[in-house]
Amino acid sequence: SITINEIDVTKMPEYKRAKYIGRVFQDPMVGTAGNMQIEENLILAMRRGKSLGLKWAFKDSEQAFFKERLALLGLGLENRLSARMGLLSGGQRQRVGIAMALALDPVLLIGDEPTSALDVTTQSQVVMQNVLQLTDKLVAEHNLTTLMITHNMRDALRFGNRLIMMDSGRIIYDVKGEEKKKLTVADLLQKFEVAGENALSDRMVLGAK
């Protein structure tokens with residue numbers, strides 16, 4: 001069973017479950033609508049999990065809220081609410097995706113490999129870390145329970161206070177607190193080697209470098 005704040009969401013339809021969960025998608029092109037304005041994307045996020053009807057979607061009172069949230073991204077997008085999402089870079093779209101995921105102050109935030117779709121270049125490596133640092137900052141400010149799925153072992157060690165390692169749907173290692181802080185990449189690689197020769201993927205090895 002899956003419970004969030006003692007609410008059983010195991011068989012709950014996705015559109016009802018959405019009001020409890022914010023999600024940063026693996027691919028920012030999937031998590032945002034490129035043909036719509038930044039503001040329109042945020043409006044969709046604000047309506048997530050709510051009953052919808054035939055009424056005017058834009059509310060003047062929400063614009064100030066959108067500008068406040070976008071200002072936290074440090075990109076100046078709070079002054080470009082009418083810009084098309086498709087004009088933004090992948091890193092910018094992913095950061096707007098973070099703002100969208102937090103629009104309703106969810107109970108749980110899920111980061112589904114939030115940087116894996118960004119190009120692996122020197123510049124994008126900086127963008128990736130900025131995306132993760134921004135997420136970490138907002139999570140701390142909102143005291144938000146967050147689950148990040150990643151194959152990057154350095155990120156797994158750097159962020160969060162608990163680490164759960166899985167192989168073929170099985171939990172093979174669960175560590176938290178001070179014990180987690182003492183772990184190194186070499187320790188994690190060894191854990192996967194113990195789990196079996198198929199447990200260690202190329203993506204994990206690359207993420208360890």
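**Group meeting: a leucine, a strand and a pocket**

Okay, let's start with Leu81, which sits in the loop between helix 4 (60-71) and helix 5 (90-101). Keep in mind that this is a predicted model.

So, is Leu81 buried or exposed? Its relative accessible area is 9%, and since the cut-off for buried is under 20%, Leu81 counts as buried. What does Leu81 touch, leaving out residues up to four places away in sequence? You get Gln37, Ile38, Glu39 and Leu42, then Gln63, Phe66, Lys67 and Leu70. Take Leu70 from that list: eleven residues separate it from Leu81 along the chain, and their C-alpha atoms are 9.1 Å apart.

Next up, strand 4. Five of its five residues are buried, so the rest of the structure largely encloses this strand. Both faces are covered, with Leu108, Ile110 and Asp112 on one side and Leu109 and Gly111 on the other. As for its partners, strand 3 (residues 21-24) runs parallel to strand 4 and is joined to it by four bridges; there, Val24 stands opposite Gly111. Strand 5 also pairs with strand 4 in the parallel sense, over five bridges, and Asp112 has Ile149 as its bridge partner.

Ile149 brings me to the largest pocket. Together with Thr146, Leu147, Met148 and Arg162, Ile149 lies nearest the pocket's centre, out of 36 lining residues. Elements giving two or more residues to that lining include strand 4 (108-112), strand 5 (145-149) and helix 6 (122-142). The pocket holds about 1300 Å³ of space. And the make-up of the lining? That's 23 nonpolar, ten polar and three charged residues.

How values were computed: Residues numbered from 1 in each chain as written. Predicted model: local features only at pLDDT ≥ 70, side-chain atom pairs only at ≥ 80, totals over all residues. Heavy atoms only, no water. 1 Å grid on protein atoms, 1.4 Å probe; cavity = no way out; pocket = protein on both sides within 12 Å on 5 of 7 lines; lining within 4 Å. Points joined across faces, edges and corners; volume = space filled by probe spheres on them. Nonpolar A, V, L, I, M, F, W, Y, C, P; charged D, E, K, R; others polar. Buried < 20%, exposed > 50% of the residue type's maximum accessible area, 1.4 Å probe, protein only. Contact = heavy atoms within 4.5 Å. Pairing = 2+ DSSP bridges.
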